[in-house]
Amino acid sequence: FWTCLKATSAKNQFSIKIFALLLIGISCTIGIIYLKKTISLTKLKTVIDSGNQKIYYKLDESDLLYIQEDPYVEFLTGYEKYQEYNKTEGLQMMENSVKKDPIPKANFALANLYVQNKKYNRAEQLLKMNIGIEPSCFEPRNNLLQFYINRNSQTEIIKTAIEIIHLPVKK
């Protein structure tokens, strides 16, 4: 009886040692994968955050051509550059994006940056461009009206307010 129990106990200890080695191997593998992923992601920059999925782009010179093909990605990359370290290059990227595909929200964001930099003529052009993109919407005209109010341009305030009054009413 005791010899049978010792034989079973020896098999169990051997199984436990194998299981422990397997767990150590799995832990090491997960650690190595995590380390490699972390090291590679430090070279990349988050450009788009859509829900829970993040898309990364490498921001060296060869990959800028890829980014410039998509106006939305180019705008976001330019905005990040503007905010972080290179205002001139960031503004240029955002301008290129807006010229390729004038998206109202991008125009509005860029206009606000131009107002902050006291480049009012370009800000006004972008806000007027939004009216051309969405001619029957209230928001672009209201944004332009707020711009004129902040600039204290009385004749433009009146003109834009009259345009807003004459907009078609949604039912």
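**Pocket, patch and loops**

Guide: The largest pocket has a volume of about 170 Å³. This is a predicted model, where local features need pLDDT of at least 70, side-chain atom pairs count only at pLDDT 80 or more, and totals for chains, interfaces and linings use all residues. Residues are numbered from 1 along each chain as its sequence is written, and side-chain values use heavy atoms, with hydrogens and water left out.

Visitor: Which residues line the largest pocket?

Guide: The lining consists of Pro104, Lys105, Phe108, Asn130, Glu134, Cys137, Phe138, Glu139, Pro140 and Asn143. A pocket here is an open set of points on a 1 Å grid over the protein atoms alone, where a 1.4 Å probe fits, with protein on both sides within 12 Å along at least five of seven lines; lining residues have an atom within 4 Å of a point. The volume is the space filled by probe spheres set on the points, which are joined across faces, edges and corners.

Visitor: Which helix gives the most to that lining?

Guide: α7, with 4 residues. Both α5 and α7 supply at least two. Helices are DSSP runs (H or I, at least four residues), numbered from the N terminus.

Visitor: Cys137 is on that list. How many disulfides are there?

Guide: The structure holds 0. A disulfide would be a pair of cysteine sulfur atoms within 2.5 Å. Cysteine 137 counts as partly exposed because its relative accessibility is 25%. Cysteine 28 is partly exposed too, at 46%. The classes are buried (under 20% relative accessible area), exposed (over 50%) and partly exposed in between, with a 1.4 Å probe and protein chains only.

Visitor: Switching topic. Which residues form the nonpolar surface patch?

Guide: Phe19, Leu22, Leu23, Ile26 and Ile30, with about 500 Å² of accessible area together. Patch members have over 30% relative accessible area and no salt bridge, and nonpolar side chains are joined within 5 Å. Ile30 lies in helix α1, residues 2–41. Its relative accessibility is 55%, so Ile30 counts as exposed.

Visitor: Now backbone. Where is lysine 118 found?

Guide: In the loop between α5 (104–116) and α6 (120–133). Lysine 118 has a positive phi of about 60°, although it is not a glycine. Most residues other than glycine have a negative phi. Lysine 118 counts as exposed because its relative accessibility is 60%.

Visitor: And asparagine 152, buried or exposed?

Guide: Exposed, because its relative accessibility is 54%. Asparagine 152 is in the loop between α7 (138–151) and α8 (154–165). Its phi is positive, about 60°, and it is not a glycine.

How values were computed
Patch = residues over 30% accessible without salt bridge, like charges linked within 9 Å, V, L, I, M, F, W, Y side chains within 5 Å. Areas by Shrake-Rupley, 256 points an atom, 1.4 Å probe, with all protein chains shown as cover. Salt bridge = Lys/Arg side-chain N within 4 Å of Asp/Glu carboxyl O.
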